[in-house]
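Please look through the structure below before reading on. The paragraphs after it take up a few of its parts in turn.

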Amino acid sequence: MLEMIKGAKIKNAINLEEGYEMQENFLLANVDASKIINLIQDFIKENKEDSFFLFIEIPTNKEEEIKLQAKEKTEKLHMDIYYLDGITEKEANVFLEEYGEVLIHDGVVQFGFGTQRNEEIGKYKYNLVKIYSKDNLKKYTKILENHNIVKKEKVKTAWDFFTKENPGTSFSYYDKNEKNIYDCLKELKEKGLYKAETRVE
């Protein structure tokens, strides 16, 4: 059974398990919550000669969402997208140490790191991890397999089990110091994080 992040619940999680599948330009993986930070650290180590950017995606706040839906005449939800550019390997690992717990366990937050060579790793809702690379996917399969995450023809994700009666639940997370994602954003903005856009989820 998949070890879920603390900010997500699904009734039939017993049917979920670790594993990854290969797509044309990315790997899609179910990953135990306790392994996600290690995978991201390995990605950073693999690309340590490169410069990184951090991305964070969070739901648009309720007040702004109402305005956007009225303006766009839609019921679709939106996400606010934030970036922090020009990060070194050391800085990326410091950010993970300081904010990784909240970023990983918050069920409504998606985040990750990318490189100047357009390679990227991201943690998405319900324990999904995606790794993008146009030319070097094989080196990332080794990282996954080093963590005993095996290749499958088709990975069944939480989304495959959701129904109208069982939609799954994702919610915010507070660490032991009562810090949440908005506290993290406030601190990261002082280090150069900026809002790049708002887009449909």
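At what angle do helix H1 and helix H4 pack, and how far apart are their axes? This is a predicted model, in which local features need pLDDT of at least 70 and side-chain atom pairs count only at pLDDT 80 or more, while totals for chains, interfaces and linings use all residues. Residues are numbered from 1 along each chain as its sequence is written, and side-chain values use heavy atoms, without hydrogens and water.

Helix H1 (residues 33-46) and helix H4 (residues 137-146) pack at about 145°, and their axes are 10 Å apart. Angles run from 0 to 180 degrees between N-to-C directions, and axes are lines fitted to C-alpha atoms, for helices over the stretch in contact. From H1, Leu39, Asp42, Phe43 and Glu46 make the contact, and from H4, Lys139, Tyr140, Ile143 and Leu144. Contact means heavy atoms within 4.5 Å.

Helix H5 covers residues 181-189, and its Ile181, Cys184, Leu185 and Leu188 are buried (under 20% relative accessible area, with exposed over 50% and partly exposed in between, for a 1.4 Å probe and protein chains only). These residues lie on the same side of H5 because they cover an arc of only 100° around the axis, taken from the directions from the helix axis to the C-beta atoms. The buried residues of H5 pack against strand E4 (52-59), strand E5 (78-87) and helix H3 (89-105).

Gln116 sits in the loop between strand E6 (110-115) and strand E7 (120-124). Gln116 is exposed, at a relative accessible area of 51%. Apart from neighbours within four places in sequence, Gln116 is in contact with Asp50, Ser51 and Phe53.

Methods. Helices (H or I, at least four residues) and strands (E, at least two) are DSSP runs, numbered from the N terminus.
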